[in-house]
Amino acid sequence: MGEHPSPGPAVAACAEAERIEELEPEAEERPPAAPEDFDPGNTGYISTCKFRSLLESQSSKLDPHKREVLLALADSHADGQICYQDFVNLMSNKRSNSFRQAILQGNRRLCSKALLEEKGLNFSQRLIRHVAYETLPREIDRKWYYDSYTCCPPPWFMITVTLLEVAFFLYNGVSLDQFVLQVTHPRYLKNSLVYHPQLRAQAWRYLTYIFMHAGIEHLGLNVVLQLLVGVPLEMVHGATRIALVYVAGVVAGSLAVSVADMTAPVVGSSGGVYALVSAHLANIVMNWSGMKCQFKLLRMAVALICMSMEFGRAVWLRFHPSAYPPCPHPSFVAHLGGVAVGITLGVVILRNYEQRLQDQSLWWIFVAMYTVFVLFAVFWNIFAYTLLDIKLPPPP
């Protein structure tokens, strides 16, 4: 058998009608055996007997988890033949329908011990295992993630966003000479990043408002939530998916304010944070029996308490007498927009590890709903303020 990387268990127990996307190969691999060795007639199939003999002769060179998966694949083919390409895909670390069939139809159950029972792990291995148990509901996916995660790339998106938010907060704190309840400072809204209803034609404000926070108490809760929840999620699901949920929540938050709280400005990253946290919590609830994270009920309670505290602070601030009337303090509606994104788009994106979004009907339904909402909000911003004769506060 040629040399090849020894990745972890190449299996995902996924829904029957859905195809799993393959992971990016880390290096070019040779098939474990040439086709002519086991398929002299060039039919594209090999017999299960020859397949088993190969596994037995090479068992010492195979990862034990992968060997079990290959045996499950052999057991799933009652006709005595295995597609050679399926075999190559398995050995090349590709997650395809072969994996799904091996688990759903195989007569052999994967019986290796749970990842949680493995001993002698170093700190980084324990951390990766902890992240797997925090975010993934199926043991086979947890093993796949544990064995294949390389920390390359690292969770750069959430870390970068957090560092930028802290940097802008410190800059504003020094400029305004105020760190607590910065939003009460008369010059606070003059910043070009804040969403202000009078300046809603400046489209960048619907996104850049995340870099402005009402004060250190606002920033602190958001940073804690997005690091504790966002970083593990990004380690598992990748920067693209997490960025999609986060940015969708941010945009939905500012648009929701422009529709439901038309005279108020918006600051803070709560829309994106609430999208991530609500998607994660909803995923835990829907997969409650499979989630093996410790103290999951207590963790959910703590997360909900933190979210409630932050939301309560936002509601109190919104109706607190403004330091610069007639403009009110920032709106709390962005939080609700983030939650709506989290329990729709977010749940679909985080539901199955490494699953193709394009193959999920719910994905397209929620994308269509989100697109309709965005278009509605855009037209609302263009026409509704004039038609309803809304009296807006003067520009800052």
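Arg318 forms a salt bridge with Asp261, their closest N and O atoms lying 2.9 Å apart, where a salt bridge is a side-chain nitrogen of Lys or Arg within 4 Å of a carboxyl oxygen of Asp or Glu. Because Arg318 lies in helix α12 and Asp261 in the loop between α10 and α11, the pair ties together parts that are 57 residues apart in sequence; helices here are DSSP runs (H or I, at least four residues), numbered from the N terminus. Arg318 is buried, with a relative accessible area of 13%, and Asp261 is buried with 11%, given that buried means under 20% relative accessible area, exposed over 50%, and partly exposed in between (1.4 Å probe, protein chains only).

This is a predicted model, in which local features need pLDDT of at least 70 and side-chain atom pairs count only at pLDDT 80 or more, while totals for chains, interfaces and linings use all residues. Residues are numbered from 1 along each chain as its sequence is written, and side-chain values use heavy atoms, with hydrogens and water left out.

A search of the whole structure finds three salt bridges. In another of them, the side chains of Arg299 and Glu134 meet at 3.3 Å, N to O, linking distant parts of the chain, since Arg299 is in helix α12 and Glu134 in helix α6, 165 residues apart. Arg299 counts as partly exposed at 36% relative accessibility, whereas Glu134, at 11%, counts as buried. Glu310 and Arg313 also pair, at 3.0 Å, N to O; both lie in helix α12, three residues apart, about one turn of the helix, and both are buried.

Tyr188 touches, among others, Leu176, Met212, His213 and Val267, contact meaning heavy atoms within 4.5 Å.

Helix α14 has 27 residues, which should span 39 Å at 1.5 Å a residue, and its end C-alpha atoms are 37 Å apart, which agrees; the expected span is 1.5 Å times one less than the number of residues. α14 bends by about 40 degrees at Asn381, the bend being the angle between axes fitted to the seven residues ending there and the seven starting there. Asn381 is itself one of the buried residues of α14, which include Trp363 and Tyr385.

Notes: Helix = DSSP H or I, 4+ residues; strand = E, 2+ residues; numbered from the N terminus. Lists of a residue's contacts leave out its neighbours within four places in sequence.
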